[in-house]
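Dear colleague,

Please find below the structure that I am handing over to you. My notes on it follow directly after.

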Amino acid sequence: MKIQRGFDFPAGARTALYAAACFVVAALPRPAFPQTLRVSGLHGVPGGHLSASLRAEPRTLNPVFATEIASRSVTSILNADLLHINRTTDSVEPALATSWQVSHGGCTYLLTLRKGVRFSDGSPFTAADVLFSFRVYLDPKIAAPQRDLLIIDGQPIRVTQLGPYLVRFDLPHPYAAAARLFDGIAILPRHLLQPLMESGSLANAWNLATSPAQVAGLGPFRLKTYRPGESLTLERNPYYWKQDAQGHALPYLDEVDFSFAPNQDAEAIRFAAGQLDLIARLTADSYASLAKLSTAVPIRELDGGSGLGYDILLFNLNADVPTKAPQAARAQTWFLQEPFRQALSLALDRSAIVHLVYQDHAVPLATPVTPASRTWANPALKPVTVDLARARALLRSAGFSWHGSTLVDSSGNSVRFTVLANSGNRAQSGIATLLARNFMALGIEAQVVPLEFRSFLQRITQSHDFDVAVVALSAGDTDPNGNISLWLSSGNLHLWNQNQSRAATPWEAEIDTLMRRQMAITDIRRRRALYFRVQSVYAAELPFLSLVSSDMLGAVRAGLAGPAPSPLDPEMLDNIASFYLER
Amino acid sequence: MTMLRVAVVILAFLSTVLVFADFFATSDPAAINASTPYLPPESIRFTSPMGHFHLRPYLVRRQPAPGQFAVYSKDFVLVPLRFLVTTGDMDGAHLRFCGIDNGSPHFLGTDGFGRDVWSRLVYGGRTTLAIGLAAASAATLLGMIVGLVAGSAGGVADTLLMRLVEVMISIPWFYLLLAMRALLPLRVSPWWAVVATTALMACVGWARPARILRGATLAARQHAYVTMARATGASLWHIARWHTLPDIAPQAITQFTVLLPQFVAGEIALSYFGLGVTEPLVSWGVMLTAARHLSTIVEYPWLMSPIWALIPFFFSVHLLADRASSRRWLTLSVFVRHSYKSFLPKAQGENPARF
């Protein structure tokens, strides 16, 4: 970690830097609204109360330690970031920073902060808070989950304060999409958390027992009350820094209430009974039954289109299978043959998965790049449709033949394997059932083995004792870097052959090179060309089969304006400041 | 008695349908049809498309509404039902009791993959009841052997066996079953999973019948004819085989009838957790996994049809269990015992039938 503060510089250097900074600031385009951010085109009605729910009780309100969805949903509302990705246009926009400048070939980011902004407890926000926040996130002892994002090629980003409202970020290498890194990195109040950090008790700070007066953020809402096991209430932050088109201070809503529902069914019942105004992250069948359940209150269903999540059929190509899980070795000899993988891809009916499992709320995929990634998906690659004749020809060319209707390999073994699925996920179990039936058409006996999630994960990531598995994955971002841990042979989501010290195959080495190259350039066209090539290499080798990407589904009570599902967290609550009740 | 008759009729009907599942089903239970997911049950009518009464039943068939999921048109066509038809699918050709010309009828609708619920109910029932019957038989037999040995031998053997029984009873059997099933290897064929499930249920289920039958054995040993048999030098084995066993038979039958529904429910619970029967095999447990979701119960209640088959089944079996412990069965057992005695080997010297 390396963070430099302003007073580390000798006095002369400091003055010179200030002068330079002032010059830079003067050169920047003047922000149209010096203190508040005006959201154009927004004409809402102030007032009102929103009831939402969380599927679990949040474990913490501390954005540094929030890892699970419930905590992150709440912390994202209580806090704000320097730059923010607009969920509709997918472009980076000013938030707490009014503008940013990139220099030194993409290595230096100079961010000008919004002036006159106050935390929800009324204390002013300055560059010191930014510096403090990044010091916390980069501290290896604290090991915040955000730290991985801020370390580029093993070197941390350096943060320097150049003035009360000017901060410089130095990257070790040019990093494409560096501006996107700032999204979701909450700026912490130094005046509240610094004493706790110095005493080493930051990990216990802002837990659910903390008094609301001790919790402050820059988000649209602030903590009001917490009733253990029951609900969490947030109230309007009177110091919030956004306005609507008419100059009304945001957020519109006075209060947001999160109750805790144990599961999606309980959530759906509450929503149908009118106890909740909003429900997100719905499965296709819950989504379909909502309209029938909600007879009492009018609702508006929201289908946000394809998200970043996708289902794959993972082949066990792990190099340690012969020693670690010899019982999986025979099936692996088939999966290691590229024509066999291609044949399976040609046999499986992706449209049936879309129709039967996701009730048409999904799209078939050719690569793991979902339509939510917009222009990053290689348009030349189309999802394959069922072609049993070609599949059989491929198998025959690879030395397979048929005994009656049973497929046998070149040494006479009949081809049969197990399809692992997470028994807790209905969609994945359903996909496994469909796939098993698809493979039967090729004379393959595939048996579905539903396993409880923990043992499912253990087999896939540790013991490697499985043949194929239906796995649900999700890219972290619409940018190619959101899928980096899947592509890189050293990545922890490189599930088909894990723990490679160096790329095991020439094509994996090529993907590694392409991904590393695209990561270091800022020219979007060149990045796109490189990423298209990654996808072409994938499609030629098919180390796993990309199946479908499901839609982001949710619903709101009629009369609530604003919510829209988005591929990035927090799915439907991102623009909660602009939610309003129609009068 | 009438109720008992009803129970017997229900069980006879169920067994006939399930034993001849290939005949009574209308299609391959695993055949997926992407165009008709969640098709509601199709009714039959005795009127021809012209509106005239007809002896040949017609199936009311609705077409999927284009572009919508699981929505079917209000209009329908009447398709004549044909009897004794031969159908062919991935599982081979079968003679079915009825069918239609193109496709197959769905008397109980279809599930989310367009698979025929009636056929799945029939094939699934066969699997579920076969597991239940086999496991209950095995557990009763095991329990009987242990009970008989412990009760007859007494002493150290009795103490050891009964402590083992107490250990088995004190462990919640369902969790034991879950744990034991999870230890089994992943790569077993679906049929082996069935056999394993059966064996496991028998392994955890024998303890209670063993304890009860040991008590019955002890009680049976108090009879005068047993004392007499011992006095005349009959061996332990002889007494167990010719005096105790016929005496505890009614209790064994009762234990069997108590275990049977328990094990059927056990299979359903195991499959519900994905540990019993797995796809592509079908059982009532596999079918009822659909009940995990509120939306299914609300929108597609016909998927719960195994429950409607289970209710009369449990009812009948419990009624039989009830009767098994009643006097009529006891009279039967006395009759059995006496008829056994009349066949006793003469090698024992005196004819015990005289006692």
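The notes below describe a helix pair, a surface patch and some backbone features.

This is a predicted model, in which local features need pLDDT of at least 70 and side-chain atom pairs count only at pLDDT 80 or more, while totals for chains, interfaces and linings use all residues. Residues are numbered from 1 along each chain as its sequence is written, chains are lettered from A and ligands numbered from 1 in the order in which they are written, and side-chain values use heavy atoms, with hydrogens and water left out.

In chain B, helix H8 (residues 224-231) packs against helix H9 (residues 236-272) at an angle of about 175°, and their axes are 11 Å apart. H8(B) is therefore roughly antiparallel to H9(B) (an angle over 145 degrees). Helices are DSSP runs (H or I) of at least four residues and strands (E) of at least two, numbered from the N terminus. Axes are lines fitted to C-alpha atoms, for helices over the stretch in contact, and angles run from 0 to 180 degrees between N-to-C directions. H8(B) contributes Tyr225(B), Val226(B), Ala229(B) and Arg230(B) to the contact, and H9(B) contributes Ile239(B), His243(B) and Asp247(B); contact means heavy atoms within 4.5 Å.

Turning to chain A, the peptide bond between Leu250(A) and Pro251(A) is cis, with omega about -5°. Pro251(A) belongs to the loop between strand E14 (242-243) and strand E15 (255-260) of chain A. A cis bond also joins Asp569(A) to Pro570(A), with omega near -15°, and Pro570(A) lies in the loop between strands E27 (560-561) and E28 (580-581) of chain A.On the surface of chain B, Ile44(B), Phe46(B), Phe53(B) and Leu55(B) form a nonpolar patch (over 30% relative accessible area, no salt bridge, side chains within 5 Å).

Technical notes:
Parallel < 35°, antiparallel > 145°, perpendicular 65-115°, else oblique. Patch = residues over 30% accessible without salt bridge, like charges linked within 9 Å, V, L, I, M, F, W, Y side chains within 5 Å. Areas by Shrake-Rupley, 256 points an atom, 1.4 Å probe, with all protein chains shown as cover. Salt bridge = Lys/Arg side-chain N within 4 Å of Asp/Glu carboxyl O.
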